[in-house]
Amino acid sequence: MKRSELFFSAILVPLDALMLFLAFYLAYLLRTRLEFIPVDYVWPLAQYLKFVVLTIPFWLLIFAVNGLYTIRNGQKGWEELSRVFIAVSASIAVVMVYIFLTRSFFFSRLIIIYSWVLAFILVVAIRLLVRFLQRYLFRFGIGLNRVMVLGENRVAQELISGVSHTPSLGMKVVSVLKNKMSKISDLEKVMEMKPADTLI
């Protein structure tokens, strides 16, 4: 597991927390500034934000349970999108259950709806930005997944060509071993000279 993969997975935690805070804050502003929809009662902003800060760790825990901080390993964009949707929806559901059980009426239902929509949009947006930055760095050889290819047949050659011509994959072939050299001792020697993250 490369340090770069760990970094980009770890940095999502504080970024998600920031986006969640921003989503709740914007939801509050939208609800209190839309004067054509009367507001019965809403907590003062400071008290409301204190509640938000206390709930964000539970959101992040639900995000982690849904696999949003694991190494991607080929995970497609739409799969991550669906995970974010499920995690945000589950987190909002927890907030609603808390409000019901504690009989708290400190903000309107519209704030909940706004928070749900904004949290989904902002979390997806920040993740797209991080993925874009990660792929951009690939062009400069930063954070690449170093690959050792075992074999020199047609499939291996197509794989090497595909990796070489597709920087967005984030992979770089560092060594190629022939089949007759595929002893454990040979692999260990090559790994010492040319360290690799993945063996194909």
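**View 1. Overall organisation of the predicted chain.** This is a predicted model, in which local features need pLDDT of at least 70 and side-chain atom pairs count only at pLDDT 80 or more, whereas totals for chains, interfaces and linings use all residues. Residues are numbered from 1 along each chain as its sequence is written, and side-chain values use heavy atoms, with hydrogens and water left out. The chain holds seven helices and three strands, where helices (H or I, at least four residues) and strands (E, at least two) are DSSP runs numbered from the N terminus. Their order from the N terminus is α-α-α-α-α-β-α-β-α-β. Of the 200 residues, 38% count as buried; buried means under 20% relative accessible area, exposed over 50%, and partly exposed in between (1.4 Å probe, protein chains only). Among contacts (heavy atoms within 4.5 Å) with a separation of 6 or more, 78% join residues 24 or more positions apart.

**View 2. Tryptophan 59 and the largest nonpolar core.** A nonpolar core is a set of buried Ala, Val, Leu, Ile, Met, Phe, Trp, Tyr and Cys residues joined through side-chain atoms within 4.5 Å. The largest such core has 38 residues, of which Leu20, Tyr48, Trp59 and Phe63 touch the most other members. Two or more residues come from each of α2 (12–33), α3 (45–65), α4 and α5, and α5 provides the largest share, ten residues. Tryptophan 59 is buried, because its relative accessible area is 1%. Residues up to four places away in sequence aside, tryptophan 59 touches Leu20, Phe24, Val88, Ser91, Ile92, Val95 and Ala119. Tryptophan 59 and valine 95 are 36 residues apart in sequence, with a C-alpha to C-alpha distance of 9.5 Å. Leucine 20, leaving aside neighbours within four places in sequence, is in contact with Ile56, Trp59, Leu60, Phe63, Ala119 and Val123.

**View 3. Arginine 127 in helix α5.** Arginine 127 is found in helix α5 and counts as buried because its relative accessibility is 2%. Beyond neighbours within four places in sequence, the contacts of arginine 127 are Leu12, Asp16, Leu68, Tyr69, Glu80 and Val84.

**View 4. A nonpolar patch on the surface.** Phe85, Ile86, Ile113, Trp116, Val117 and Ile121 form this patch, with about 530 Å² of accessible area together. Patches are made of residues with over 30% relative accessible area and no salt bridge, nonpolar side chains (Val, Leu, Ile, Met, Phe, Trp, Tyr) being joined within 5 Å and like charges within 9 Å. A salt bridge is a side-chain nitrogen of Lys or Arg within 4 Å of a carboxyl oxygen of Asp or Glu; accessible areas come from the Shrake-Rupley method with a 1.4 Å probe, and for residues only the protein chains shown count as cover. Helices α4 (77–102) and α5 (109–138) each supply at least two residues, and α5 gives the most, with four. Isoleucine 86 lies in helix α4 and is partly exposed, because its relative accessible area is 46%.

View 5. In helix α6 (residues 154–164), Ala156, Ile160 and Val163 are buried. Seen down the helix axis, these buried residues fall within an arc of 70°, so they line one face of α6; the arc is that of the directions from the helix axis to the C-beta atoms. The buried residues of α6 pack against β1 (145–150) and β2 (171–177). On the other side of α6, Arg154 and Val155 are exposed.
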